[in-house]
Amino acid sequence: MWWQDAVVYQIYPRSFQDSDGDGIGDLRGITSRLDYLSYLGVDAFWLSPIYPSPLADFGYDVADYTAVDPQLGTLDDFDELVREAHARGLKVLLDLIPCHTSIEHAWFREHPDRYIWSPVDGPANNWKAAFGGGAWSRDEESGRWYLHTFYPEQPDLDWRNPEVVAAMQDVVRFWLARGVDGFRLDAVNVIVKDAELRDDPPASGDFPLPLAGESAELDHVYSANRPEAIDALRALREAAGDAFLVGEVYLPTSGYPPYLEVLDLVFAFELLFAPWDRERLREAIEPALELGRVAWVLSNHDFPRLASRLGPEHVREAATLLLKLPGTAFVYQGDELGLPNGPGVDPPLDRADRDPFRHPMQWDGSPTGGFTSGEPWLPPIDPAERNVEAQKGDSGSLLEHYRRLIAERESSERGLILP
Ligand code: GLC
């Protein structure tokens with residue numbers, strides 16, 4: 001399988017390369033930068049969502065699963081991107097968001113039975129939303145209360161409704177027919193909820209990954225990680241055939257085995273949160289290494305940048321650790337330059353304060369870092385100090401360190417190299 005041992009580069013489309021001067025990255029911009037991915041030596045790239053979206057959650061609130069957001073381009077642009085990627089031997093992964101839609105998706109009005117509604121006039125239970133507050137909101141139009149695991153603008157789909165299963169299988173087939181090589185499946189541990197909507201118990205304090213706000217007050221026994229999640233994923237697998245499926249399963253490593261009955265890999269979250277300490281890293285890595293079916297990852301668009309989380313003095317060792325581990329590794333755009341967290345904007349665009357991790361890629365030392373000829377949607381951080389052009393060819397640079405590590409993967413021995 002091509003993905004075993006692959007290096008996958010995560011592109012945040014709004015922040016990679018703008019081609020039309022509107023300050024927002026787009027598909028044509030990505031196509032124009034594919035040679036960079038070849039230079040870096042990665043095998044594949046994952047695009048964070050490209051679908052039409054009102055941007056309550058920057059694309060993770062999908063208004064149409066089978067179209068491209070006009071800000072990012074068109075389906076023709078997408079086809080061109082896939083063609084050009086494949087011509088370079090690069091595989092293309094899309095982000096699939098099966099747990100919820102945008103509240104502006106036509107289904108919410110036309111097929112309300114595809115969503116989860118409270119049987120009472122008010123919240124059905126004590127569940128909390130991942131970004132804070134209760135997980136139930138009142139739909140002003142119908143007066144009924146609907147469930148949302150994330151923002152209120154992201155109503156949860158009811159995977160117990162066969163129509164939802166069939167519709168999402170169609171989405172998978174639609175993109176496979178356009179040539180995609182696989183999917184990163186968003187938030188799949190919360191894809192199915194308890195049929196009886198039972199209250200979650202108070203937190204025991206055992207959950208090892210960070211949870212935001214009030215959602216940390218509960219153990220997500222009924223609102224998440226239900227056994228039926230695997231059936232839902234099996235349906236996606238059926239539609240996907242042997243296309244690559246990597247799951248965002250926000251659980252400790254011990255929770256992964258059932259998901260791996262259906263998915264190829266799941267992200268190793270314990271590593272993503274491990275402090276830069278030999279023993280803590282070892283504890284986070286060894287069980288996942290034993291499982292053998294994880295995607296190694298040190299950062300993404302949801303959490304602080306690697307250089308800020310670990311400190312710039314550790315970024316080289318972090319790259320070595322990541323890229324020497326046996327198996328598939330994911331690299332988030334900009335980490336190969338040592339990009340730190342940015343300042344974000346005031347007021348924030350993302351209410352969960354993730355703007356600082358999503359600033360534009362820095363291609364050269366010009367004021368907009370070569371990202372756009374217009375006004376960037378988030379300001380560049382430090383293009384004069386850190387950019388591709390300056391690091392390319394400089395054998396002491398972080399970029400060249402990444403490049404060497406990637407180039408050596410096939411020929412050199414791999415294993416756990418702790419700092
Ligand atoms: C995933 C995404 C995150 C998004 C959430 C809801 O965790 O990575 O960006 O906000 O799902 O879709």
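Which residue caps the N-terminal end of helix 3? Thr 74 does, with a side-chain oxygen 3.3 Å from the backbone nitrogen of Asp 76.

## Basis of the model

This is a predicted model, in which local features need pLDDT of at least 70 and side-chain atom pairs count only at pLDDT 80 or more, while totals for chains, interfaces and linings use all residues. Residues are numbered from 1 along each chain as its sequence is written, and side-chain values use heavy atoms, with hydrogens and water left out.

## Overall form

The protein has 13 helices and 10 strands. Helices (H or I, at least four residues) and strands (E, at least two) are DSSP runs, numbered from the N terminus. The C-alpha trace spans about 65 × 50 × 45 Å along its principal axes.

A compact globule of 419 residues would have a radius of gyration near 22 Å, and the 21 Å of the protein agrees with this. That radius is taken over C-alpha atoms, and the globule rule is 2.2 Å times the number of residues to the power 0.38. Of the 419 residues, 59% count as buried; buried means under 20% relative accessible area, exposed over 50%, and partly exposed in between (1.4 Å probe, protein chains only).

## Helix 3

Helix 3 covers residues 75–87, and its 13 residues should span 18 Å at 1.5 Å a residue; the end C-alpha atoms are 18 Å apart, which agrees. The expected span is 1.5 Å times one less than the number of residues. After the helix comes Gly 89, whose phi is positive, near 80°.

The buried residues of helix 3 are Asp 77, Phe 78, Asp 79, Leu 81, Val 82 and Ala 85. Their cover includes helix 1 (27–32), strand 2 (44–47) and helix 5 (162–177). Asp 77 counts as buried because its relative accessibility is 12%. Leaving aside residues up to four places away in sequence, Asp 77 touches Leu 27 and Arg 28, where contact means heavy atoms within 4.5 Å.

## Aromatic pairs

The structure holds 28 aromatic pairs. Rings of Phe, Tyr and Trp (its six-membered ring) pair if their centres lie within 6.5 Å; planes under 30 degrees apart count as stacked, over 60 as edge-to-face and the rest as tilted. Trp 46 and Phe 330 form an edge-to-face pair, 5.9 Å centre to centre with 65° between the planes. This pair links strand 2, which holds Trp 46, to strand 10 (residues 328–332), which holds Phe 330, 284 residues apart. Both Trp 46 and Phe 330 are buried.

One aromatic cluster includes Trp 46, Tyr 250 and Phe 330.

Conventions: A polar contact is a pair of N or O atoms within 3.5 Å; within protein, one must be able to donate a hydrogen and the other to accept it, and residues adjacent in sequence count only if both atoms are side-chain atoms.
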